[in-house]
Amino acid sequence: MRIAIAQLDQVVGDLPGNAARILDAAAAGKRGDADLVVTPELSLCGYPPEDLLLRPAFLAACTDELTRIAARIAGITVLVGFPEAADG
């Protein structure tokens, strides 16, 4: 298994921009014959998101953006760091 580690310069709260950089990393990994691309912690929302994580609409927007990313990725597995609320 060939693993690519994406070093990304993400922007806090810039979901579309961060998603584009994740997709670029996925494409680069695929060109390099990687089986898996690993992105940093909270790569979708940027780090550190701080108070944004307290907003349900922000968490929903992250989930929606992750769904759009997943629909555009084919032929490679990408591990995307994103926030998700958990009960308890």
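Reader: Where is Glu41 found?

Author: First, a caution: this is a predicted model. Glu41 is found in the loop between S2 and H2.

Reader: Is Glu41 buried or exposed?

Author: Residues over 50% relative accessible area count as exposed. Glu41 has a relative accessible area of 56%, so Glu41 is exposed.

Reader: How far is Glu41 from Val80, in sequence and in space?

Author: Read the two distances side by side. Glu41 and Val80 are 39 residues apart in sequence. In space, their C-alpha atoms are 7.8 Å apart. Now take Arg31 and Glu41. They are 10 residues apart in sequence, yet 23 Å apart in space, C-alpha to C-alpha. Arg31 sits in helix H1. Arg31 is exposed, with a relative accessible area of 64%.

Reader: How far apart are Gly75 and Gly17?

Author: In sequence, 58 residues separate Gly75 and Gly17. In space, the distance is 22 Å, C-alpha to C-alpha. Gly75 lies in the loop between H2 and S3. With 72% relative accessibility, Gly75 counts as exposed.

Reader: How do I read a sheet? What is the strand order here?

Author: Strands of a sheet pair through backbone hydrogen bonds, either parallel or antiparallel. Here the sheet is open and has 3 strands, in the order S1-S2-S3, with parallel pairing. The edge strands are S1 (3-5) and S3 (77-79), and each pairs on one side only. Neighbouring strands are turned by 20° against each other on average, direction ignored.

Reader: Which helix packs on the sheet?

Author: Helix H1, residues 15-31, packs on the sheet. Helix H1 touches S1, S2 and S3. The direction of helix H1 makes about 145° with that of S2.

Reader: How many bridges join S1 and S2?

Author: S1 pairs with S2, residues 36-38, over 3 bridges. The sense is parallel.

Reader: Next, charged side chains. How many salt bridges are there?

Author: Start with the idea. Side chains of opposite charge can pair when their charged atoms come close. The cut-off is 4 Å, from a side-chain nitrogen of Lys or Arg to a carboxyl oxygen of Asp or Glu. By this rule, the count is 2 salt bridges.

Reader: Which residue forms a salt bridge with Asp14?

Author: Arg21 does, and the closest N and O atoms are 3.5 Å apart. Arg21 has 26% relative accessibility, so Arg21 counts as partly exposed. Asp14 has a relative accessible area of 28%, so Asp14 is partly exposed too.

Reader: Which residue forms a salt bridge with Glu65?

Author: Arg68 is the partner of Glu65, with the closest N and O atoms 3.0 Å apart. Both residues lie in helix H2, residues 56-72. They are 3 residues apart, about one turn of the helix. Glu65 is buried because its relative accessible area is 10%. Arg68 counts as partly exposed, at 46% relative accessibility.

Reader: What is the phi of Leu42?

Author: Phi of Leu42 is near 55°, a positive value in a residue other than glycine. Leu42 lies in the loop between S2 and H2. At 15% relative accessibility, Leu42 counts as buried.

Reader: And what is the phi of Glu50?

Author: Glu50 is not a glycine, and its phi is positive, about 45°. Glu50 also has its place in the loop between S2 and H2.

Reader: One more feature, the surface. Which residues make a nonpolar surface patch?

Author: Met1, Ile3 and Ile5 make a nonpolar surface patch of about 420 Å². Met1 is found in the segment before S1. Its relative accessible area is 80%, so Met1 is exposed.

Technical notes: Residues are numbered from 1 along each chain as its sequence is written. This is a predicted model: local features need pLDDT of at least 70, side-chain atom pairs count only at pLDDT 80 or more; totals for chains, interfaces and linings use all residues. Side-chain values use heavy atoms; hydrogens and water are left out. Two strands pair if DSSP finds at least two bridges between them. Helices (H or I, at least four residues) and strands (E, at least two) are DSSP runs, numbered from the N terminus. Axes are lines fitted to C-alpha atoms, for helices over the stretch in contact, and angles run from 0 to 180 degrees between N-to-C directions. Contact means heavy atoms within 4.5 Å. Patches are made of residues with over 30% relative accessible area and no salt bridge: like charges are joined within 9 Å, nonpolar side chains (Val, Leu, Ile, Met, Phe, Trp, Tyr) within 5 Å. Accessible areas come from the Shrake-Rupley method with a 1.4 Å probe; for residues, only the protein chains shown count as cover. Buried means under 20% relative accessible area, exposed over 50%, partly exposed in between (1.4 Å probe, protein chains only).
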